[in-house]
Amino acid sequence: VAPQAELLPGTLDLLILKAVSLGAQHGYGVLLRIEQITGGALAIEQGALYPALYRLEHQGLLDTEWGTSDNNRRAKFYSITPAGRKRLKADTERWNLTVLAMNTALRAQEA
Amino acid sequence: MALLARLRSFWRHALHRSDLERNMSDEWQFHLARRAEDLVESRGLSPEEAMRIARLEFGSVEKYKEEGQERLLATLAAFFGALALLLAMIGLYGVLTYLVTHRQTEFGIRMALGADRASILRLVMTDVVIVLAGGLASGLAVSLVSVTLLQRMLFGLEPRDPMTMVSAVCLLSAMALLAGYLPARRATRVDPMVALRSE
């Protein structure tokens with residue numbers, strides 16, 4: 001088993017938006033896709049996924065629709081809204097700034 | 001009419017919430033079933049074992065429990081609220097019945113002098129409305145101030161939510177008017193002759 005990193009607070013929403021922006025998914029599909037695009041390096045608590053999904057839906061960033069999954073079960077599908085795409089873009093930029101600043105700070109050498 | 005429309009949508013939303021919860025559990029069931037299938041496939045587990053692990057991974061047991069406790073607390077609070085309302089109604093009813101009995105002679109004289117039933121009813125109901133107005137004014141004032149303390153217990157609801165306030169005022173008013181109307185109607189049934197003779 002590869003070592004897993006802890007998810008930083010507040011980054012789950014961003015990951016979900018990214019995962020859903022790649023195509024509509026049901027909750028379990030969102031989880032699988034996050035695992036896939038992070039290479040399984042981030043530990044996601046499955047029970048925490050749904051509160052985050054509901055929160056994003058409530059904020060109008062995700063749209064939902066009941067449909068049938070690949071094996072004919074009823075499932076709720078999440079898709080990203082224009083507001084969600086806008087948020088994803090803004091949060092990605094903020095994230096890059098944070099990473100840049102942190103890396104610069106942590107690489108600083110004693111003068 | 002805009003207010004009416006808003007009230008209606010508020011209640012529809014409140015009723016809609018149980019739908020939402022059912023959807024939620026459907027969704028979780030779906031998740032667990034799919035996860036279990038994947039575990040069967042990838043690790044060659046028995047379906048029962050796979051389901052057990054899927055549940056463990058989901059980590060929902062504790063959350064379910066917590067949610068259940070919060071719901072129980074909310075149900076209890078609603079129950080005691082309803083009980084308090086019932087007691088208030090009985091109290092108001094009792095006091096007004098006493099008052100009406102006490103003023104029976106007065107009502108008899110008024111009716112003997114030509115007061116009709118409607119005016120007697122109005123006389124008693126005016127008292128009810130005065131009590132009600134006082135209660136609503138102080139109740140609203142206290143709840144507007146104290147609701148911030150409860151903020152952490154509100155879900156999907158703003159403190160000082162206007163629709164909640166309007167609904168509470170309507171419910172309490174309706175109950176108070178009902179509790180007052182029964183004794184008031186009795187006051188109009190006083191037979192002037194009986195009332196005067198009993199003096």
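**Close-up views of chains A and B**

**View 1. Where chain B meets chain A.** In this predicted model, 15 residues of chain B are in contact with 19 residues of chain A. The two chains bury about 1,700 Å² between them, and carbon and sulfur atoms give 50% of that area. Of the area that chain B buries against chain A, 37% is supplied by B:E27, B:F30 and B:H31, which is more than any other three residues supply.

**View 2. Salt bridges and polar contacts across the interface.** Between chain B and chain A the rule finds 2 salt bridges, one of which joins A:R73 to B:E37, with the closest N and O atoms 2.4 Å apart. Across this interface there are also 6 residue pairs in polar contact, both residues of each pair being at pLDDT 80 or more.

**View 3. The side of chain B that touches chain A.** The elements of chain B that give two or more residues to this side are α1 (2-43) and α2 (47-58), and the largest share, 12 residues, comes from α1(B).

**View 4. The fold of chain A.** Chain A has 4 helices and 3 strands, which follow one another along the sequence in the pattern α-β-α-α-β-β-α. Among the contacts in chain A with a separation of 6 or more, 51% are accounted for by residues 24 or more positions apart. Of the 111 residues of chain A, 37% count as buried, while the accessible surface of this chain comes to about 6,900 Å², with 55% belonging to carbon and sulfur atoms.

Key: Residues are numbered from 1 along each chain as its sequence is written. Chains are lettered from A and ligands numbered from 1 in the order in which they are written. This is a predicted model: local features need pLDDT of at least 70, side-chain atom pairs count only at pLDDT 80 or more; totals for chains, interfaces and linings use all residues. Side-chain values use heavy atoms; hydrogens and water are left out. Contact means heavy atoms within 4.5 Å. Buried area is the accessible area (1.4 Å probe) that two parts lose on being put together, summed over both. A salt bridge is a side-chain nitrogen of Lys or Arg within 4 Å of a carboxyl oxygen of Asp or Glu. A polar contact is a pair of N or O atoms within 3.5 Å; within protein, one must be able to donate a hydrogen and the other to accept it, and residues adjacent in sequence count only if both atoms are side-chain atoms. Buried means under 20% relative accessible area, exposed over 50%, partly exposed in between (1.4 Å probe, protein chains only). Accessible areas come from the Shrake-Rupley method with a 1.4 Å probe; for residues, only the protein chains shown count as cover.
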